[in-house]
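Dear colleague,

I am handing over the structure shown below, together with a short account of what was found in it. Please read the two side by side.

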Amino acid sequence: TVSLRLPRSDKPLPPRTASGADQAAADPRRRRVLLVEDDDNVALLVGEMLEELGYSATRAASPARALEILAADAPFDVVFSDMVM
């Protein structure tokens, strides 16, 4: 069980701005994600989710392959990694 206790505020909400996904989709360069995942099914699902959110995902099936990609490819904005691997 996770419980969050936040103080109540009577302040009005700020005007809605574009979400991170909206900004990533609108960015012609698209944010690049290195997806490090050894399970094919999980990698496929997470990769599709990232693409739907406007990110460009590159998969590495092992830590060694991830290091090779990082050494040879243009910079990534974030690495999404399977920590149990």
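The largest nonpolar core consists of six residues: Leu 34, Val 36, Ala 60, Ala 66, Ile 69 and Phe 76. Strand β1 and helix α3 (63-72) each supply at least two residues of this core. Ala 66 touches Leu 34, Val 36 and Ala 60, leaving aside residues up to four places away in sequence. Another core, of five residues, lies apart from it, and includes Val 33, Leu 35, Val 46 and Leu 50. Please bear in mind that the model is predicted.

Strand β1 (residues 32-36) deserves a description of its own. Five of its five residues are buried, so the strand is largely enclosed by the rest of the structure. Both of its faces are covered: Arg 32, Leu 34 and Val 36 are buried on one side, and Val 33 and Leu 35 are buried on the other. As a general point, side chains in a regular strand alternate between the two faces of the sheet.

The pairing of β1 may be followed on either hand. Five bridges join β1 to strand β2 (residues 56-60), and the two run parallel. Within β2, Arg 59 is the bridge partner of Leu 35. Between β1 and β2 the chain passes through helix α2 (residues 40-52), forming a right-handed β-α-β crossover. Strand β1 is also joined by four bridges to strand β3 (residues 78-81), again in a parallel arrangement. Here Leu 34 stands opposite Val 79 of β3.

With kind regards

Note on methods. Residues are numbered from 1 along each chain as its sequence is written. This is a predicted model: local features need pLDDT of at least 70, side-chain atom pairs count only at pLDDT 80 or more; totals for chains, interfaces and linings use all residues. Side-chain values use heavy atoms; hydrogens and water are left out. Buried means under 20% relative accessible area, exposed over 50%, partly exposed in between (1.4 Å probe, protein chains only). Two strands pair if DSSP finds at least two bridges between them. A crossover is right-handed if, with the strands pointing away from the viewer, the path from the first strand over the helix to the second runs clockwise. A nonpolar core is a set of buried Ala, Val, Leu, Ile, Met, Phe, Trp, Tyr and Cys residues joined through side-chain atoms within 4.5 Å. Contact means heavy atoms within 4.5 Å.
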